[in-house]
Amino acid sequence: MTVITVFRKGGRLVGFDAVGHADYADAGEDIVCAAISAVTQTAVLGITELIGCSAAFEMEDGCLRLMLDGSVEDEQWQRAELILGTMLVGLRSIQDEYCDYLKLIEREV
């Protein structure tokens, strides 16, 4: 199962931590894992490359983390938060359909 923790600070989205494999199917055929990866990696790319937001991120096998830097200006933060919110909507949709393979947690930091 993939567990994704979405972090909020003062109610605002600030990052996420995605850990584990969905294990819906064999590697290369796991549509749930592919969907989760596409949604989360696109969010990271949108925040870091499209918006140019300062964020710490780490990607290794079975793990993707992103945390916005505290020095991000408000306008960039709003744009990054929109991307993170869109990611969360997509992940909720995946979880609704495949709840045995994806667990979402929201946590205040």
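I take two strands as paired if DSSP finds at least two bridges between them. The model is predicted.

**Entry: the β1 and β2 hairpin**

I started with the hairpin of β1 and β2. Two residues lie between its strands. There, Gly10 takes a positive phi near 60 degrees. I then looked up the pairing. Strand β1 covers residues 2-9 and runs antiparallel to β2, with seven bridges joining them.

**Entry: β2 and its other pairing**

I followed β2 to β4. These strands also pair in the antiparallel sense, over five bridges. Here I noted Val19, whose bridge partner in β4 is Cys63. Is β2 mostly covered or mostly open to solvent? I found it mostly covered, with six of its eight residues buried.

**Entry: Asp23**

I moved on to the loop between β2 and α1, where Asp23 lies. Phi of Asp23 is near 60 degrees, a positive value in a residue other than glycine. I noted the background: most residues other than glycine have a negative phi. I also checked accessibility. Asp23 has a relative accessible area of 55%, and the cut-off for exposed is over 50%, so Asp23 counts as exposed.

**Entry: the largest pocket**

I looked up the largest pocket next. Its volume is about 200 Å³. Its lining holds 16 residues. Nearest the centre I found Gly20, Ser37, Gly62, Cys63 and Leu64. Which elements give two or more residues to the lining? I listed β2 (12-19), α1 (31-50), β3 (55-60) and β4 (63-68). Of the contributors, α1 gives the most, with five residues. I sorted the lining by type: seven residues are nonpolar, seven are polar and two are charged.

**Entry: Ile105**

I ended on strand β5, residues 102-108, which holds Ile105. Ile105 is in contact with Val3, Ile4, Thr5 and Val6. I checked these numbers against β1, which spans residues 2-9. I also took one distance, from Ile105 to Ser54. They are 51 residues apart in sequence, and their C-alpha atoms are 24 Å apart in space.

Definitions and conventions. Residues are numbered from 1 along each chain as its sequence is written. This is a predicted model: local features need pLDDT of at least 70, side-chain atom pairs count only at pLDDT 80 or more; totals for chains, interfaces and linings use all residues. Side-chain values use heavy atoms; hydrogens and water are left out. On a 1 Å grid over the protein atoms alone, a cavity is a set of points where a 1.4 Å probe fits but cannot get out, and a pocket is an open set with protein on both sides within 12 Å along at least five of seven lines; lining residues have an atom within 4 Å of a point. Grid points are joined across faces, edges and corners, and a volume is the space filled by probe spheres set on the points. Helices (H or I, at least four residues) and strands (E, at least two) are DSSP runs, numbered from the N terminus. Ala, Val, Leu, Ile, Met, Phe, Trp, Tyr, Cys and Pro count as nonpolar, Asp, Glu, Lys and Arg as charged, and the others, Gly among them, as polar. Buried means under 20% relative accessible area, exposed over 50%, partly exposed in between (1.4 Å probe, protein chains only). Contact means heavy atoms within 4.5 Å. Lists of a residue's contacts leave out its neighbours within four places in sequence.
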